[in-house]
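Look at the sequence and the structure first, then read on.

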Amino acid sequence: MAHVIAKHGETSGDFTKTEGWLDWYDGPTKPTFTLPEGAVDAHCHVFGPGAEFPYAPERKYTPCDASAEQLFALRDHLGFDRNVIVQATCHGADNSALVDALNRSEGRARGVATVRRDVTDQQLAELHAAGVRGVRFNFVKRLVDRVPTDSLEQIVAKIAPLGWHVVIYFEAEDLPELYDFFSSIPTDLVVDHMGRPDVTKDPNGPEFELFLRFMRENANVWTKVSCPERLSVSGPRALDGEQHAYTDVVPFARRVVEEFPDRVLWGTDWPHPNLKDHMPDDGLLVDYIPQIATTPELQRKLLVDNPRRLYWED
Ligand SMILES: O=C(O)/C=C(\CC(=O)C(=O)O)C(=O)O
């Protein structure tokens with residue numbers, strides 16, 4: 001394990017370009033943690049390939065191409081059974097690459113799409129038939145021109161009858177302002193990456209307490225306890241020979257898993273767009289899971305029962 005941490009920790013470069021890391025990255029290690037049978041990687045992406053599925057003109061970054069075949073190979077390598085593929089801003093509201101991946105998955109993937117307020121019932125029905133079960137709204141300011149507060153209510157009214165849920169991505173410093181608005185969303189609501197806490201702050205301090213309060217007061221709110229690699233300051237290096245990577249994120253994620261065991265999801269976030277300091281090893285990310293879900297029961301809920309309930313039970 002140590003050499004893996006060092007290898008990825010010491011490598012640097014710009015991973016966001018099409019010509020990026022896939023050319024030289026020699027792939028994830030095999031995790032030592034054995035995932036429970038039927039485990040779901042509930043946050044991952046497909047990008048392009050750009051020649052076939054062009055990136056959105058309004059995008060804020062151009063990712064590496066990351067195909068459905070590569071994603072499914074990663075799924076098998078890590079020991080997952082299924083994927084939830086999430087639309088990212090670089091594809092805007094053109095869900096073609098996502099739908100293509102869902103169609104190739106033989107029922108082993110569900111999707112979260114991005115739609116505009118003029119989306120028709122027919123278009124939503126087609127997305128549903130392909131396996132889409134949610135819509136994503138991005139409130140991270142570096143990723144969008146405008147936060148989607150206006151369109152959200154109109155879109156929610158259209159997707160609620162389908163039994164879909166809403167996925168929101170925001171940063172912790174914006175929760176106070178958005179708290180009431182998010183609390184008014186009537187469908188199930190999934191928060192990406194625990195609302196991006198600042199992990200240099202106290203996990204028992206006021207900022208993270210507000211997020212926990214948000215989950216306590218709104219029984220429809222779920223969260224992905226994913227992306228330690230985005231939140232971590234200590235990074236992918238072990239702090240000592242015995243500890244696993246991204247240790248500074250563990251107390252945050254573990255608190256959430258233990259207090260809300262039936263409303264948490266986990267995903268790799270492959271292929272890790274917009275990470276410039278290191279390319280995460282997905283095998284190491286899987287080995288992080290038992291740090292935050294410490295019993296077989298918590299692991300089964302996080303990786304199997306919860307995602308299946310949200311994405312595969314109609
Ligand atoms: O993949 C993620 O979860 C995170 C992203 C990209 C993203 O969400 C998007 O483009 O929509 C990020 O933090 O840059």
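The model is predicted.

**A residue in a loop**

Asp174 sits in the loop that runs between β5 (165-169) and α6 (175-183). Is Asp174 buried or exposed? Buried means under 20% relative accessible area. Asp174 has a relative accessibility of 9%, so this residue counts as buried. When neighbours within four places in sequence are left aside, Asp174 is in contact with Phe139 and Lys141. Leu71 is 103 residues from Asp174 along the chain, and the C-alpha atoms of the two are separated by 32 Å.

**The chain as a whole**

The protein chain has eleven helices and eight strands. Of its 314 residues, 59% are buried. Among contacts in the chain with a separation of 6 or more, 76% are between residues 24 or more positions apart. The accessible surface of the protein chain is about 12800 Å², and carbon and sulfur atoms account for 49% of that surface.

The largest nonpolar core holds 87 residues, and those that touch the most other members are Phe182, Met194, Val225, Val256, Trp266 and Leu303. There is also a second, separate core of twelve residues, with Val86, Val112, Val190 and Leu310 among them.

Which residues of helix α3 (residues 96-104) are buried? They are Ala97, Leu98, Ala101 and Leu102. Viewed down the axis of α3, these buried residues fall within an arc of 135°, so they line one face of the helix. The general rule behind such a pattern is that an α-helix has 3.6 residues a turn, so residues three or four places apart point the same way. The cover over the buried residues of α3 includes the helices α2 (68-78) and α4 (121-130). The strands β2 (82-86), β3 (109-113) and β4 (132-138) are also part of this cover. Just after α3 comes Glu106, which takes a positive phi of about 55°.

Helix α10 (residues 282-292) has eleven residues, and nine of them are buried, so the helix is largely enclosed by the rest of the structure. The buried residues of α10 include Asp282, Gly283 and Leu284, as well as Ile289 and Ile292. The N-terminal end of α10 is capped by Asp281, which has a side-chain oxygen 2.9 Å from the backbone nitrogen of Gly283.

**The ligand**

How many residues surround the ligand? There are 16, and the closest are His45, Tyr61, Thr89, Tyr169 and Asp269.

| Side chain | Distance to a ligand oxygen atom |
|---|---|
| Tyr61 | 2.5 Å |
| Thr89 | 2.5 Å |
| Asn274 | 2.8 Å |

On its own, the ligand has 350 Å² of accessible area, and the protein covers 100% of it.

**Backbone geometry**

Most residues other than glycine have a negative phi, and most peptide bonds are trans. Several places in this chain depart from that pattern, as the following angles show.

From Gly48 to Pro49 the peptide bond is cis, with omega near 0°. Pro49 is found in the loop between β1 (40-44) and α2. Trp270 and Pro271 are also joined by a cis peptide bond, with omega about 5°. Pro271 belongs to the loop between β8 (264-265) and α10.

Met194 is not a glycine, yet its phi is positive, at about 55°. Met194 lies in the loop between β6 (189-191) and α7 (206-217). With a relative accessibility of 1%, Met194 counts as buried.

Cys227 is likewise not a glycine and has a positive phi, of about 70°. The loop that holds Cys227 runs between β7 (221-224) and α8 (228-231). Cys227 has 1% relative accessibility, so Cys227 counts as buried.

Key
Residues numbered from 1 in each chain as written. Predicted model: local features only at pLDDT ≥ 70, side-chain atom pairs only at ≥ 80, totals over all residues. Heavy atoms only, no water. Helix = DSSP H or I, 4+ residues; strand = E, 2+ residues; numbered from the N terminus. Buried < 20%, exposed > 50% of the residue type's maximum accessible area, 1.4 Å probe, protein only. Contact = heavy atoms within 4.5 Å. Polar contact = N/O pair within 3.5 Å; in protein donor to acceptor, adjacent residues only side chain to side chain. Core = buried A, V, L, I, M, F, W, Y, C linked by side-chain atoms within 4.5 Å. Near = heavy atom within 4 Å. Areas by Shrake-Rupley, 256 points an atom, 1.4 Å probe, with all protein chains shown as cover. Arc of directions from axis to C-beta.
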